[in-house]
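Visitor: Before we go into detail, could you show me the sequence and the structure, and then take my questions one at a time?

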Amino acid sequence: MKKRVFGSDVNLRGTVAVAAVALALGVSGCTSMDIGQTMYNGYVLDKDSLDLIPEGSSREQVLLSMGTPSTTATFDSEVFYYISQKRHRSVAFMKPKLVEQTIVAIYFNKEGTVARRAVYTLQDGKVFDNISRTTPTGGRDLTFLQQLLSGGGGTGSSGAAAMRSILGGN
């Protein structure tokens, strides 16, 4: 003789099966769910394109093979930089964190041919911030109060003179 606890045996088996499936889906959803966002910016490094430009290649050959550089430097000798960055943020409103960065640098000599190639990553310590869109300037950044006390009002003025002029004194 069979015992009936919750109605029929079929209902009990069906309830247990539904509960097991729901539990499995719930657990797998928690472990594989990633609400973060990964963003890729810049140049996608292609090893074959890099192999097409050995030392001694012309600037035009570099442009044909690699495309337009992300940025260039022209101080001492010309350098083409191809920058690739991977950023990740856990939640949509958070600031993205730089996870991975690769910089391919193509150095040219005075004749305009490739002198050497280099590939830098974050581990090399070559941090290259092209996302901030700020230009560093020489000099010091002063707060309003520091400017006021240092005599930022013009030539020959002192902090005390600036305070008198603000307060309406002579």
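Visitor: What is the mean pLDDT of the protein?

Guide: This is a predicted model, and 62% of the residues in the protein reach a pLDDT of 70 or more. Taken over the protein, the mean pLDDT is 75.

Visitor: Which element of the protein has the lowest mean pLDDT?

Guide: Among the elements, helix α3, residues 59-66, has the highest mean pLDDT, at 91. Where pLDDT is low, the predicted coordinates should not be read in detail. The element with the lowest mean pLDDT, 61, covers residues 9-32 and is helix α1.

Visitor: In what pattern do the helices and strands follow one another along the sequence?

Guide: The protein contains 5 helices and 5 strands. Read along the sequence, these elements give the pattern α-β-α-α-β-β-β-β-α-α.

Visitor: How many bridges join strand β4 to strand β5?

Guide: Strand β4, residues 97-108, also runs antiparallel to strand β3, residues 79-89, with 10 bridges joining them, and in that pairing Y82 has V104 of β4 as its bridge partner. On the β5 side, F108 stands opposite V114. Strand β5 covers residues 114-121 and runs antiparallel to β4, and the number of bridges joining these two strands is 7.

Visitor: Which residue in the turn between β4 and β5 has a positive phi?

Guide: Strands β4 and β5 form a hairpin, with 5 residues between them. In that turn, a positive phi of about 85° belongs to G112.

Visitor: Is S57 buried or exposed?

Guide: S57 lies in the loop between α2, residues 47-51, and α3. Setting aside residues up to four places away in sequence, S57 touches L52, G112, T113 and V114, and among these G112 lies in the turn of the β4-β5 hairpin. Because its relative accessibility is 4%, and the cut-off for that class is under 20%, S57 counts as buried.

Visitor: Which backbone oxygen does the side chain of S57 reach?

Guide: The loop that holds S57 runs between α2 and α3. At 2.7 Å, the side chain of S57 reaches a backbone oxygen, and that oxygen belongs to P54.

Visitor: What share of the accessible surface belongs to carbon and sulfur atoms?

Guide: Buried residues make up 21% of the 170 residues in the protein. The accessible surface of the protein comes to about 12,800 Å², and the share of it that belongs to carbon and sulfur atoms is 58%.

Key
Residues are numbered from 1 along each chain as its sequence is written. This is a predicted model: local features need pLDDT of at least 70, side-chain atom pairs count only at pLDDT 80 or more; totals for chains, interfaces and linings use all residues. Side-chain values use heavy atoms; hydrogens and water are left out. Helices (H or I, at least four residues) and strands (E, at least two) are DSSP runs, numbered from the N terminus. Buried means under 20% relative accessible area, exposed over 50%, partly exposed in between (1.4 Å probe, protein chains only). Accessible areas come from the Shrake-Rupley method with a 1.4 Å probe; for residues, only the protein chains shown count as cover. pLDDT is the predictor's confidence in each residue, from 0 to 100. A polar contact is a pair of N or O atoms within 3.5 Å; within protein, one must be able to donate a hydrogen and the other to accept it, and residues adjacent in sequence count only if both atoms are side-chain atoms. Contact means heavy atoms within 4.5 Å. Two strands pair if DSSP finds at least two bridges between them.
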